Amino acid sequence: MPINTNYKNIFSMYNPNNVRGDAKLFAKRVVDFFSELTLKVDKNTEVDSVVIFYAEGKKKLGKNTLYAMVQCVELTIDCKSCLTWSIAKLFKNDDIKQGGRVLGSNCEIRYELYPFIRS
């Protein structure tokens, strides 16, 4: 049975390190990359009979490499809206960090400047 996104049970966590250089440009590039990944979300895996919609990737940003992932559980009515809301939540203030994540019961996003996903 499909479920609505629960926006009350979502929290954010951030890498403690600030971005060096142009933080606003960095944030824009992260948001753009999250948007690319959101378009690629596909039924990827099944965990304990729950289907996970998932996309991940990496992108060169100058001397750094950005690593990011997005995912939703199958029963989420609108995965892309949940992800878009979570992306906006990450950058709602001007304190731009080198990494961060938004965790919820329906969807999750994460980005870092180091690899965090096992293949």
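Author: To begin with residue classes, Ala, Val, Leu, Ile, Met, Phe, Trp, Tyr, Cys and Pro count as nonpolar, Asp, Glu, Lys and Arg as charged, and the others, Gly among them, as polar. The model is a predicted one, in which local features need pLDDT of at least 70 and side-chain atom pairs count only at pLDDT 80 or more, while totals for chains, interfaces and linings use all residues. Residues are numbered from 1 along each chain as its sequence is written, and side-chain values use heavy atoms, with hydrogens and water left out.

Reader: OK, by class, what does the lining of the largest pocket have?

Author: The lining has five nonpolar, three polar and three charged residues. A pocket here is an open set of points on a 1 Å grid over the protein atoms alone, where a 1.4 Å probe fits, with protein on both sides within 12 Å along at least five of seven lines, and lining residues have an atom within 4 Å of a point.

Reader: And which residues line the largest pocket?

Author: Among them are Val19, Arg20, Gly21, Asp22, Leu25, Phe26 and Arg29, together with Leu61 and Leu113. Helix α1 gives the most to this lining, with three residues; helices are DSSP runs of H or I with at least four residues, and strands are runs of E with at least two, numbered from the N terminus.

Reader: Switching topic, how many salt bridges does a search of the whole structure find?

Author: The search finds four, a salt bridge being a side-chain nitrogen of Lys or Arg within 4 Å of a carboxyl oxygen of Asp or Glu. One of them joins the side chains of Lys28 and Asp32, at 2.9 Å from N to O.

Reader: Where do Lys28 and Asp32 sit in helix α1?

Author: They are four residues apart in helix α1 (residues 23-40), and are therefore separated by about one helical turn. Lys28 is partly exposed at 49% relative accessibility, a class that lies between buried (under 20% relative accessible area) and exposed (over 50%), using a 1.4 Å probe and protein chains only. Asp32 is also partly exposed, at 34%.

Reader: Which residue forms a salt bridge with Glu36?

Author: Lys59 does, with the closest N and O atoms 2.7 Å apart. Because Lys59 lies in strand β3 (residues 50-61) and Glu36 in helix α1, this pair ties together parts that are 23 residues apart in sequence.

Reader: What about Lys97, buried or exposed?

Author: Lys97 counts as buried, at 13% relative accessibility. Lys97 forms a salt bridge with Asp95, with the closest N and O atoms 3.6 Å apart, and Asp95 is partly exposed at 42%.
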